Protein chains: 2
Amino acid sequence: MKRVVPTPFPADPYLDSPVVLGAAIRSARTQAGIRLEDAAMTIGVSLQTLVDIEAGKPGVSIGKILQVAQGLGVSLFVIPQSQREIARRRLSDLIVDNRP
Amino acid sequence: MKRVVPTPFPADPYLDSPVVLGAAIRSARTQAGIRLEDAAMTIGVSLQTLVDIEAGKPGVSIGKILQVAQGLGVSLFVIPQSQREIARRRLSDLIVDNRP
DNA sequence: TCTATAACTCTAGTATAGGAGACTTTTATG
DNA sequence: CATAAAAGTCTCCTATACTAGAGTTATAGA
């Protein structure tokens with residue numbers, strides 16, 4: 001049988017496009033070993049919406065995004081752009097790469 | 001004449017609802033002294049969309065959100081939930097409260 | 001290579017976002 | 001208090017998100 005294959009969390013936590021967010025969410029789901037269909041049903045969104053989020057489609061609503069992120073264990077932070085580089089440095093060591 | 005009144009940046013940078021994001025974006029715009037209408041036109045979204053974002057409406061798309069955030073100088077970060085409290089502590093001192 | 005199954009794609013219907021413009025409300029300031 | 005201007009609201013229209021279900025493709029493991 002085909003198993004759920006873990007993907008790495010984005011090395012740089014700075015969120016500059018929906019693609020980065022999709023990668024983070026996919027990483028959280030796959031490392032938890034949950035299938036797309038099961039995750040969608042548990043969280044309460046359609047399979048298609050979850051697929052679109054993981055693919056980084058820009059049209060998905062922030063409501064669905066936060067719903068899925070919280071459901072799969074992904075946290076977001078917001079800061080003024082003037083502090084971006086400081087924040088990036090302070091967070092960069094948090095991402096632990098745990099590929100298979 | 002009525003001037004653009006600065007609002008504070010959210011004290012806690014953890015993004016758990018669209019309302020927090022709206023507050024951050026409104027803070028960035030008002031502290032830059034830019035009117036809703038001018039900001040919307042410059043960034044390239046409708047006035048209504050910017051109003052909805054600042055009001056924290058959950059339906060706005062992630063594409064528009066990132067477009068406006070980048071246009072107004074607001075940065076987002078994404079990390080695994082297991083690191084949330086560490087990240088919150090590391091970022092909490094970054095938010096400088098500069099109310100009028 | 002065979003096969004079970006995870007991932008992905010497609011379609012159709014409904015709901016809602018997004019934009020443009022006009023209008024109303026609120027509030028600094030004279 | 002008066003008023004100019006920023007903020008917020010409303011309506012109509014088009015585009016697109018969202019869902020459900022069925023079908024197709026890709027791949028891990030026997």
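Which atom of DNA strand D is 3.3 Å from an N or O atom in the side chain of B:Lys2? In this predicted model, the atom is a base nitrogen of DNA strand D.

## Basis of the model

Local features of this predicted model need pLDDT of at least 70 and side-chain atom pairs count only at pLDDT 80 or more, whereas totals for chains, interfaces and linings use all residues. Residues are numbered from 1 along each chain as its sequence is written, chains are lettered from A and ligands numbered from 1 in the order in which they are written, and side-chain values use heavy atoms, with hydrogens and water left out.

## Interface of chains A and B

The contact between the two protein chains (heavy atoms within 4.5 Å) takes 40 residues from chain B and 40 residues from chain A. The area buried between them is about 3800 Å², of which carbon and sulfur atoms give 66%; buried area here is the accessible area, for a 1.4 Å probe, that two parts lose on being put together, summed over both. B:Ile62, B:Phe77 and B:Val78 supply 23% of the area that chain B buries against chain A, more than any other three residues.

Polar contacts (pairs of N or O atoms within 3.5 Å; within protein, one must be able to donate a hydrogen and the other to accept it, and residues adjacent in sequence count only if both atoms are side-chain atoms) link 20 residue pairs between chain B and chain A, both residues being at pLDDT 80 or more. On the side of chain B that touches chain A, at least two residues each come from β1 (14-15), α1 (18-31), α4 (62-72), β2 (74-80) and α5 (84-92) of chain B, where helices (H or I, at least four residues) and strands (E, at least two) are DSSP runs numbered from the N terminus. The largest share, seven residues, comes from β2(B). By class, this side of chain B divides into 25 nonpolar, nine polar and six charged residues, with Ala, Val, Leu, Ile, Met, Phe, Trp, Tyr, Cys and Pro counted as nonpolar, Asp, Glu, Lys and Arg as charged, and the others, Gly among them, as polar.

Two salt bridges are found across the interface, the criterion being a side-chain nitrogen of Lys or Arg within 4 Å of a carboxyl oxygen of Asp or Glu. One of them joins the side chains of A:Arg90 and B:Asp93, at 2.7 Å from N to O.

## A sheet built from both chains

Four strands form an open, antiparallel sheet in the order β1(A)-β2(B)-β2(A)-β1(B), two strands being paired if DSSP finds at least two bridges between them. β1 (14-15) of chain A and β1 of chain B stand at the edges, each with a single partner strand, so one side of each is left without a neighbour in the sheet. Strand β2 (residues 74-80) of chain A is joined to β1(B) by two bridges, and A:Leu76 stands opposite B:Leu15.

## DNA strand D

Around DNA strand D there are 19 residues, of which A:Arg3, A:Thr49, B:Lys2, B:Arg35 and B:Gln48 come nearest; a residue is near a strand if one of its heavy atoms lies within 4 Å of it. Of the atoms of DNA strand D within 4 Å of the protein, 84% belong to sugar or phosphate and the rest to bases. Phosphate oxygens of DNA strand D are 2.3 Å from an N or O atom in the side chain of A:Thr49 and 3.0 Å from one in the side chain of A:Lys64.

## DNA strand C

Of the 17 residues around DNA strand C, A:Lys2, A:Arg35, A:Gln48, B:Arg3 and B:Thr49 come nearest. Sugar and phosphate account for 81% of the atoms of DNA strand C that come within 4 Å of the protein. A base nitrogen of DNA strand C lies 2.7 Å from a polar side-chain atom of A:Gln48, while a phosphate oxygen is 3.0 Å from a polar side-chain atom of B:Lys64.
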